[in-house]
Amino acid sequence: MKWVTLISFIFLFSSATARNLQRVARDSGHKSEIAHRYNDLKEETFKAVTLITFAQYLQRCSYEGLSNLAKDILALAQTCAANEDAPDCAKPLPSIFLDKICQVEQLRDSYGAMADCCAKEDPERNECFLSFKVLQPDFVQPYQRPASDVICKEYQDNRVSLLGHFIYTVARRNPYLYAPTILSLAADYEHALQSCCKESDVNTCLDEKAIVIKERAKKVSMKQHYFCEVIKKFGERTFKANLLARISQKYPKAPLAEIIKIVEESGGIHKECCEGDMIECMDDRAELAAYVCSKQDLFSSKIKECCEKPLVERSQCIMEADFDDKPEDLPSLVEKYIQDKEVCKSFEAGHDEFLSEFVYEYSRRHPEFSTQLILRVAKGYEALLEKCCKTDNPAECYGNAVEELNKHIQETQDVVKTNCDLLNAHGEADFLKAILIRYTKKMPQVSTDTLLEIGKKMTAIGTKCCTLPEDRRLPCSEGYLSMVIQDMCKRQETTPINDQVSHCCSDSYAYRRPCFTAMGIDTKYVPPAFDPEMFSFDEKLCTATPAERASGETKLLVNLIKRKPQMTEEQIKTIADGFTTMVEKCCKQSDIDTCFGEE
């Protein structure tokens with residue numbers, strides 16, 4: 001049985017032994033989903049989330065146009081809250097929103113083929129609409145706040161409109177950003193206004209706070225889009241396996257039954273958000289936050305301040321809170337999972353339950369590991385038991401389990417150490433070149449600009465993660481690298497790169513990063529014909545800024561390796577040094593172009 005199926009235990013365990021959250025019990029008594037959600041969220045939040053939903057689907061529409069659509073949905077919600085038997089009140093929420101979108105006049109004129117989605121039945125209709133969402137669209141300008149001399153009065157006189165425009169712009173630019181997060185960012189913006197409007201220099205104050213808000217928005221948007229892609233590519237079970245590891249790390253004092261409950265509920269909420277069902281996403285995450293806050297002593301000592309925040313800020317705060325301190329008296333896992341002579345009996349009697357508990361126990365002891373590494377360890381342990389429990393002497397067979405599982409840990413730690421040592425010893429420029437050499441050899445079919453983009457992202461990850469304390473480097477590095485790899489794999493779907501990349505992208509979520517790391521030179525690659533124009537230089541090289549010259553050098557490096565992927569490190573160094581010498585020599589000559597031609 002593959003690891004991705006193991007998490008099915010969560011469903012069995014949750015339904016058999018765990019008391020469902022209040023929401024589940026309460027939902028069964030409601031005829032109208034829209035009335036139920038409206039009563040939960042109240043008018044202002046309901047209307048804001050409705051605006052977010054429309055802005056993420058209809059990214060080209062004006063604020064006024066979407067506000068009118070939101071008002072229509074609000075009116076229906078209020079009607080249904082008063083009478084659940086009224087027309088359309090029994091419809092599922094996603095259908096209510098998509099029906100409204102399909103009623104938009106001239107939908108085809110603005111959105112072209114997206115209008116064809118309206119002919120499909122749900123849920124295919126929604127999947128069709130989701131496929132047209134555009135990440136960071138160039139037709140949507142970043143949020144422009146009102147001028148500093150009017151913004152404070154604008155906030156005081158037209159608070160709803162001011163914050164509404166902020167929410168509208170953020171939602172349009174980030175179509176996969178969850179509604180609770182967008183409202184949390186709007187709350188940050190409002191707090192900034194409240195604070196800065198008391199200052200003498202409003203603009204400088206808001207500029208400083210805007211940097212923090214933008215950085216947070218970018219980081220969370222990237223993560224949440226990544227979550228959606230993992231669910232889409234590998235399914236809910238794999239995603240929940242990852243959640244089980246993560247939540248066990250975050251709440252190491254909580255009992256397994258409570259962790260399972262949170263994993264099951266949280267997995268469903270992520271799916272709602274990714275499917276664009278933002279009203280349910282908002283309400284269900286608020287319910288989950290309320291549940292966790294009602295049991296703070298059980299879950300974490302790090303969420304007290306979060307639980308004191310208003311509804312729109314609470315859940316995002318809990319999501320971003322630090323891991324709780326690990327209990328000091330946790331016993332070694334060796335005795336229960338390796339030395340116990342009944343291991344095979346437990347494994348075979350309750351395969352899924354046994355391994356899910358192993359992930360929980362292992363994760364809460366290792367907050368310094370990435371969730372992907374924990375899943376690799378679990379997969380390795382599962383494979384070992386499947387092999388050993390069929391032998392005459394299982395205990396002898398799996399007696400070296402610690403050494404076997406440590407291979408996964410050592411590989412990951414070595415990768416992080418090697419890269420951080422390289423970055424710290426040689427700096428960002430040489431680190432970028434090393435990354436470009438590696439990845440151009442692995443996938444020379446990728447365009448030079450895309451390789452540079454990937455290289456710069458990986459360099460930024462190194463800069464960010466290698467400065468962290470030792471116990472945070474590994475989860476930071478592998479966590480962010482997984483997102484870059486996911487981006488590469490997404491491109492692979494529409495523009496196939498090579499068989500190696502295809503294999504690494506599709507084979508296993510947990511093993512993706514080691515697969516890319518171990519990838520060698522693409523032996524099937526046929527280099528393009530030599531193009532002298534690509535290696536011709538002129539006097540512009542002499543007048544270029546240091547940054548422009550460095551960019552030119554890295555592009556030359558990539559193009560060279562694309563034509564000679566078998567080049568050794570020594571040969572590459574010789575050519576790079578020769579390029580530097582050539583530039584220094586020729587830029588001193590009176591006839592620069594002739595010198596470059598000769599060299």
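This is a predicted model: local features need pLDDT of at least 70, side-chain atom pairs count only at pLDDT 80 or more; totals for chains, interfaces and linings use all residues.
**Entry 1: α12 and α13**

I started with two helices that pack together. Two packed helices are described by the angle between their axes and the distance between the axes. For helix α12 (residues 202–250) and helix α13 (residues 256–274), I got an angle of about 155 degrees, with the axes 9 Å apart. Angles over 145 degrees count as roughly antiparallel, so α12 and α13 are roughly antiparallel to each other. I also noted that α12 and α13 cross in a right-handed way.

Next I looked up who touches whom. On the α12 side, the residues in contact include Phe227, Ile231, Phe239, Leu243 and Ile247. On the α13 side, I found Ile259, Ile260, Val263, Gly267 and Gly268 among them. Sorted by class, this contact of α12 with α13 has 12 nonpolar, 5 polar and 4 charged residues.

**Entry 2: α23 and α24**

I then went to another pair, α23 and helix α24 (residues 448–465), whose axes come within 9 Å and cross at roughly 145 degrees. The crossing of α23 and α24 is right-handed. From α23, the contact uses residues including Leu423, Phe431, Leu432, Ile435 and Tyr439. From α24, Leu451, Leu452, Gly455, Met458 and Gly462 are among the partners. I sorted this contact too, and it has 9 nonpolar, 5 polar and 2 charged residues.

**Entry 3: the cavities**

How many cavities of 30 Å³ or more does the structure hold? I found 2 of them.

The largest cavity has a volume of about 40 Å³. Its lining is made of Tyr226, Gln372, Ser482, Tyr509, Arg512 and Arg513. That lining splits into 2 nonpolar, 2 polar and 2 charged residues.

The second largest cavity holds about 30 Å³ of space. Thr412, Val415, Val416, Ser477, Glu478, Leu481 and Arg513 line it. I jotted down that Arg513 turns up in the linings of both cavities. Helices α23 (401–442) and α25 (470–494) each give at least two residues to the lining of the second largest cavity. By class, I listed 3 nonpolar, 2 polar and 2 charged residues there.

**Entry 4: the second largest pocket**

I moved on to the second largest pocket, which has about 1,500 Å³ of space. Its lining has 50 residues, and the closest to the centre of the pocket are Lys223, Arg246, Lys250, Met319 and Phe323.

Which helix gives the largest share of this pocket's lining? It is α12, with 14 residues. Other helices that each supply at least two residues include α13, α14 (278–294), α17 (311–320), α21 (371–388) and α25. I sorted the pocket lining into 25 nonpolar, 11 polar and 14 charged residues.

Most residues other than glycine have a negative phi, and most peptide bonds are trans. I looked for exceptions and wrote down two.

Where is the cis peptide bond? I found it joining aspartate 122 and proline 123, with omega at about 5 degrees. Proline 123 sits in the loop between α7 (107–111) and α8 (124–130).

My other exception is lysine 42, whose phi is near 70 degrees, a positive value in a residue other than glycine. I checked where lysine 42 lies, and its place is in helix α4 (residues 33–57).

Conventions
Residues are numbered from 1 along each chain as its sequence is written. Side-chain values use heavy atoms; hydrogens and water are left out. On a 1 Å grid over the protein atoms alone, a cavity is a set of points where a 1.4 Å probe fits but cannot get out, and a pocket is an open set with protein on both sides within 12 Å along at least five of seven lines; lining residues have an atom within 4 Å of a point. Grid points are joined across faces, edges and corners, and a volume is the space filled by probe spheres set on the points. Ala, Val, Leu, Ile, Met, Phe, Trp, Tyr, Cys and Pro count as nonpolar, Asp, Glu, Lys and Arg as charged, and the others, Gly among them, as polar. Helices (H or I, at least four residues) and strands (E, at least two) are DSSP runs, numbered from the N terminus. Axes are lines fitted to C-alpha atoms, for helices over the stretch in contact, and angles run from 0 to 180 degrees between N-to-C directions. Angles under 35 degrees count as roughly parallel, over 145 as roughly antiparallel, 65 to 115 as roughly perpendicular and the rest as oblique. A crossing is left-handed if the near helix is turned anticlockwise from the far one by less than a right angle, and right-handed if clockwise. Contact means heavy atoms within 4.5 Å.
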